[in-house]
Amino acid sequence: MKQDLILLGRVLSFCASPFAPDGPEAAVEEHEAIALRAGKIVALGSRAALSKVLPEAEIVDHGQKLIVPGFVDAHVHYPQTAIIASWGKRLIDWLNTYTFPEEMRFGNPAYAAEIAARYLDLTTACGTTTVASYCTIHPESVDALFEAAQARGQRVVAGKTCMDRNAPEGLRDTPQSAYDDSAALIQRWHGRERLIYAITPRFSPTSTPEQLEALGALWTAHPTCLMQTHLSEQLDEIEWVRSLFPEARDYLDTYERYGLLREGALFGHAIHLEPRERARLLEARASLIHCPTSNTFIGSGLFDMNGLMREGHRIGLATDTGGGSSFSMLRTMAAAYEVAQLRGTPLHAAQLLWLATLGSATALGLQDKVGNLAVGREADLVVLDLASTPAIAQRATRAETLWEALFPTLMMGDDRAIAEVRINGQKAV
Ligand code: GUN
Ligand code: ZN
């Protein structure tokens, strides 16, 4: 049997939502120690209590470092790893100029495997332990990511991107092949170890009504899968959707009318929403995924975190690699703070941390598995060094509270702040 492990440090657990009326700080409990066994969290508490429960355990002392849940990135495109930070375009031109030519390369399984491994290496170094990723239209691109995740024992959500129009030759499927290829991938991967399949129409402009209908039928046939797509990211995209679906009431309706709106639906961006769309998203218990570095980098707009949270929406946080300009959820928390500031509603450090962990996990329906440090959860965690650079350290020494000590790392931290990462209990960094 593998050795039990006790990690000492400042261990943070969520006991409530930091967006609840009791306030952000009431949502967090601090412990001295966390115990892991066979990939699960088995105890939290004082050092003495845990040593009594697990007298044989190996003990690793992280001192004043913070032990938090592994970050959950709820919307990424791993195939865009090599074109991240491409200059000067907005959404549609950016897709045509940078994204589609790169995605074309993923029919080659060796290239897909190389980028999948590179992507998971880069994100693990940033403390990300779970991602929900788009792949390309090639089933090989899905196999590559799931195989890499499986080798690392990692919980990953992914799916074959479906597009049957408004994409170049070589990057289009059909309603039937999208259905059949996705169904075969569900059969091969969904529910295997820690892997979850997401049915993935890229967005309404690149799917015909027939394809959206086929994918709605596929989701009905496989209801435990997730469904991920894009919604209302840029204004000219919304105009385009209006012209492609003249009979639809709004952008959301292009998904709703084909059975693609219910709990388990993940809508990336969701910036420019109509009142009817907000009401239906809430009623359906769908998830909205905020991608702040992408929204500023591609020039999309400012997500209404405060208003949507008050209405009661389920919201996750994500990099949107490579439309987003960073692989790091620390950088993404900083961007979420900045976007919220531009809307006049700053986010508390506890709220940012929750969005990057339990909030995103809840958006993916994984709140009972990952995203929190609680007994019975899977042992995915990050040890944060709150003094990882001279600039951060000199600021953190002035801090009088835990939150003041953490905030400079959320705003200024990078992979140097990630002292250790554990995936399924195993040391990954
Ligand atoms: N909308 C449709 N596809 C994409 C994509 O790859 N990235 C972003 N940011 N938006 C999209
Ligand atoms: Zn995206």
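The points that follow cover the basis of the model, its domains, its nonpolar cores and its ligand shell.

1. This is a predicted model, in which local features need pLDDT of at least 70 and side-chain atom pairs count only at pLDDT 80 or more, while totals for chains, interfaces and linings use all residues. Residues are numbered from 1 along each chain as its sequence is written, and chains are lettered from A and ligands numbered from 1 in the order in which they are written.

2. The chain is divided into domain 1 (5–69 + 372–427) and domain 2 (71–363), with bounds from an automatic or database domain assignment. Their centres, taken over C-alpha atoms, are separated by 29 Å. Domain 1 gives 29 residues to the contact and domain 2 gives 27 residues (contact: C-beta atoms, placed from the backbone, within 7 Å).

3. On the side of domain 1 that touches domain 2, helix 15 gives the most, with 6 residues (helices are DSSP runs of H or I, at least four residues, numbered from the N terminus).

4. The largest nonpolar core has 132 residues (buried Ala, Val, Leu, Ile, Met, Phe, Trp, Tyr and Cys joined through C-beta atoms within 7 Å; buried means 20 or more other C-beta atoms within 10 Å of the residue's own, all placed from the backbone). Helix 13 (residues 349–363) supplies its largest share, 10 residues.

5. The residues around ligand 1 include His77, His230, Glu233 and Asp320 (C-beta atom, placed from the backbone, within 6 Å). Helix 2 (residues 91–103) contributes the largest share of this shell, 3 residues.

Conventions. Helix = DSSP H or I, 4+ residues; strand = E, 2+ residues; numbered from the N terminus. Contact = placed C-beta atoms within 7 Å. Buried ≥ 20, exposed ≤ 12 C-beta atoms within 10 Å, placed from the backbone.
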